[in-house]
Amino acid sequence: MEKEVIIKADKLQHTYIVNCKNLYSTGEYLKVKIKDINIQKNIFNLSGKDFLENPFKNIRKYITENGEYIGKVIAFPKQNSGIIVQLDNTNVTCLVKIPAKFNSYPHFLDNVLIKITEINENKKFIYGYLIRILKNGPFYN
């Protein structure tokens, strides 16, 4: 039996996905693990990330709390205040708060310097705050 289903982005990767269209194509076949299934109610709980290495497993070897890191602004989440920053040389992201002292807000794809305030391996998320907007993003050329 073949069944077409929708899989939520948080079930595909261990890290934040800005746009699934950048990673997957419609109709593409994915290896997934069936977590739960109820055919009568048409409920399919599938996970593609179970076959991927979890980057948060040994995250503290590479990233430390109170450490400063450079990353790129990749999203502006609606449900949280702040920005999502993709840390350089990693596939992990950080939810970054913007301190009130900033009179400008970073743009999409700007490079920024951030300070890590919390690493939560269970939630698979890193939290931090903005230190500086680096003047080499696409809007500063």
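Residues are numbered from 1 along each chain as its sequence is written. In this predicted model, local features need pLDDT of at least 70, side-chain atom pairs count only at pLDDT 80 or more, and totals for chains, interfaces and linings use all residues, while side-chain values use heavy atoms, with hydrogens and water left out.

Reader: How many residues of strand β4 are buried?
Author: Strands are DSSP E runs of at least two residues, numbered from the N terminus. Buried means under 20% relative accessible area, exposed over 50%, partly exposed in between (1.4 Å probe, protein chains only). Strand β4 covers residues 83–87 and is mostly covered. Of its five residues, the buried ones number four.

Reader: Which residue of β5 is the bridge partner of Val85?
Author: Two strands pair if DSSP finds at least two bridges between them. β4 and β5 (residues 93–97) pair in the antiparallel sense over four bridges. In β5, Val85 is partnered by Cys94.

Reader: What is the phi of Asn89 in the turn between β4 and β5?
Author: β4 and β5 form a hairpin with five residues between them. Asn89 has a positive phi, of about 60 degrees.

Reader: Is Leu109 buried or partly exposed, and what is its relative accessible area?
Author: Leu109 is found in the loop between β5 and β6 (111–120). Its phi is positive, about 75 degrees, although Leu109 is not a glycine. Leu109 is partly exposed, with a relative accessible area of 33%.

Reader: How many nonpolar residues are in the lining of the largest pocket?
Author: A pocket is an open set of points on a 1 Å grid over the protein atoms alone, where a 1.4 Å probe fits, with protein on both sides within 12 Å along at least five of seven lines; lining residues have an atom within 4 Å of a point. The largest pocket is lined by 23 residues, and Lys3, Glu4, Val5, Ile7 and Glu28 lie nearest its centre. Ala, Val, Leu, Ile, Met, Phe, Trp, Tyr, Cys and Pro count as nonpolar, Asp, Glu, Lys and Arg as charged, and the others, Gly among them, as polar. The lining has four polar and five charged residues, and its nonpolar residues number 14.
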